[in-house]
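Reader: Hi! I'm new to this one, could you walk me through it?
Author: Happy to, let's take a look together.

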Amino acid sequence: MMFKVSRLSQDSKPKPWETIAATKRQTLRDAIPAEWVIPAEILPSEQETDVTTFPRESGWFTDRELEITSTPAPELLSKLSTGSWTSEEVTKAFCKAAAAAHQLTNCLSEILFDEAISRAKELDDHLTQTGKPVGPFHGLPISLKDNFNIIGKDSTVGFASLVNDPATYNSTLTDLLLETGAVLYVKTNVPTAMMIAETVNNVFGRTVNPRNRNLTSGGSSGGESALIAFGASRIGVGTDIGGSLRIPAACTGIFTLRPSSGRFPNFQTRSGLAGQESVNSVNGPMAKTLPEIELFAKTVVDREPWIHDPKCLPIPWRSVEPKKTLKIGVLWNDGNVTPTPPVARALKETVEKLKSAGHEIVDWDPTGHQAAVKILSRKFLADGGKSIRKLLEPTKEPFRPEMKDYEQSSETGVHELWQIHIERNTLQKEYMERWNASGLDAVLGPTTPYSTVEHGKFTYVGYTGVFNILDYPAVSFPTGVKVDKTLDTPYSEHRALSDIDSRVQNGYNAEAVDGMPVSLQLVGRRLEEEKVLMMTDVVLQAL
């Protein structure tokens, strides 16, 4: 499938970043058809924080549209492959929902509604003429994070200098999804360079959490998490280099899988730190249910992506028998930051239920976690901020305040970087040997120290980042626990583990996050994505 290239008007003289950003935002708004602009009389006021109820309570969506967007992907595909539901009808329902989601959360970076509806009609015609679906994702709308290239569309990754610079090739995953029959209808917002734990940039602004718009949807896949939590996508694809799948999934109470590097194709995607391979970025699915995560993972691997992506490993999807009893190591804290009260409570309640279900629970010491967090930071800053500065300078765009560390960093020499690699390799070996000696099936711990936080207050990514250094697969999943401001009061006599721990606990506001879902993450051995998904299902059964 080819997408028509469309460019914004350009002058020979570079425009200031403010003008570029304003024009891009207006172009995005103009791409929403008039019939999908929320009428002023039903538009939620800024004081209405939870907009996830809007589709069902506003009366603006038909019963049919609500039925379509609330149907899990496996059931949707069953109806699409038999023709009982048309792709055109399904696609229009998700496009309308995405339009609403963007107007209420600012979650999109590219709108492909016209191309998506046209493709849906082609897929319907193919099914009518041949009686066969195009592929396993026939007719299913799938949303993509901004950094996945689609021919003719921008992949700005939050930089004004990359606006009006449409891709001339598709990402490998883009082609794979099109070959399976998927319909690509939106791309979603990210933070600048995808290196902030909240989704905010100078081009599109801030994406907010649809469950409470005063809170962050996380980052860097926060546009995806907001879109899915709102109900405007069943399956979306994000990326993760330090927690960018798991953090936004936890902030919005949805599921995601951070795979080991090489299981899913990540070739020809745009990066804010292009060429940085000390820590590999991976992509993975985000969805409201675990079966949808499993569906995506198996479908993608079954397409043998290693034939097209030289970094993909030739490991077919493997069936795994469920284990009745798991041995799970519990990470109560990472030695650096204590989980905030609701996360600590969710972890404790989950452990109690796992014990009641007969699983073996042991404490897991955070040996190596503090070192891993430091290694991660040193790797990200190794170029002295040159990659980001190079993308900011053409339009004189300033560094975001959240990126002060990049602005002030000094370049690491090649020899010094190689020594950091040695530290990482040693840590990986020691962690693996400790896991082997313990006989663990999985490690259970916080996805982040927070349920979510107010805008600008997400300051610690150590719980996710350590497993990027180790390259272990991890599933972030909602526990069913919600923040209760009466139960989850701030610690009265907290002994801080570090300065950052003090900042996290001092910034905790039970009133602000009251009612928000709390997630945990389950971590497995490297390249055992099938097993960690199976084990997550076992944990959910105990819950």
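Author: Let's begin with pockets. On a 1 Å grid over the protein atoms alone, a cavity is a set of points where a 1.4 Å probe fits but cannot get out, while a pocket is an open set with protein on both sides within 12 Å along at least five of seven lines; lining residues have an atom within 4 Å of a point. This is a predicted model, where local features need pLDDT of at least 70 and side-chain atom pairs count only at pLDDT 80 or more, while totals for chains, interfaces and linings use all residues. Residues are numbered from 1 along each chain as its sequence is written, and side-chain values use heavy atoms, with hydrogens and water left out.

Reader: Thanks! Which residues lie nearest the centre of the largest pocket?
Author: Those are Glu402, Asp405, Thr459, Tyr460 and Val461, from a lining of 32 residues. The space in the largest pocket comes to about 970 Å³. For volumes, grid points are joined across faces, edges and corners, and a volume is the space filled by probe spheres set on the points.

Reader: Which helix gives the most to that lining?
Author: α12 does, with four residues. Three helices, α12 (369-380), α14 (404-408) and α17 (499-506), each supply at least two residues of the lining. Helices (H or I, at least four residues) and strands (E, at least two) are DSSP runs, numbered from the N terminus.

Reader: How many nonpolar, polar and charged residues does that lining have?
Author: The lining has 17 nonpolar, 10 polar and five charged residues. Here Ala, Val, Leu, Ile, Met, Phe, Trp, Tyr, Cys and Pro count as nonpolar, Asp, Glu, Lys and Arg as charged, and the others, Gly among them, as polar.

Reader: Is Lys145 buried or exposed?
Author: Lysine 145 is buried, at a relative accessible area of 0%. Buried means under 20% relative accessible area, exposed over 50%, and partly exposed in between (1.4 Å probe, protein chains only). Lysine 145 sits in strand β2 (residues 141-145).

Reader: What about Ser220, where does it lie?
Author: Serine 220 is in the loop between β7 (212-216) and α8 (222-230), and it is buried at 1% relative accessible area. Its side chain makes a polar contact with the side chain of lysine 145 (2.6 Å). A polar contact is a pair of N or O atoms within 3.5 Å; within protein, one must be able to donate a hydrogen and the other to accept it, and residues adjacent in sequence count only if both atoms are side-chain atoms.

Reader: Which residue's side chain is joined to serine 244 by a polar contact of 2.8 Å?
Author: That is serine 220, through its own side chain. Serine 244 is in the loop between β8 and α9, and it is buried, with a relative accessible area of 7%. Leaving out residues up to four places away in sequence, serine 244 touches Lys145, Met194, Gly219, Ser220, Ser221 and Thr239; contact means heavy atoms within 4.5 Å.

Reader: Switching topic: how many cavities of 30 Å³ or more are there?
Author: The count is one. The largest cavity has a volume of about 30 Å³, and its lining is Leu440, Asp441, Gly524, Arg525, Glu528, Lys531, Val532 and Met535.

Reader: Last one: how many residues of helix α16 are buried?
Author: Nine of the nine residues of α16 (residues 462-470) are buried, so the helix is largely enclosed by the rest of the structure. After α16 comes aspartate 471, with a positive phi near 65 degrees.
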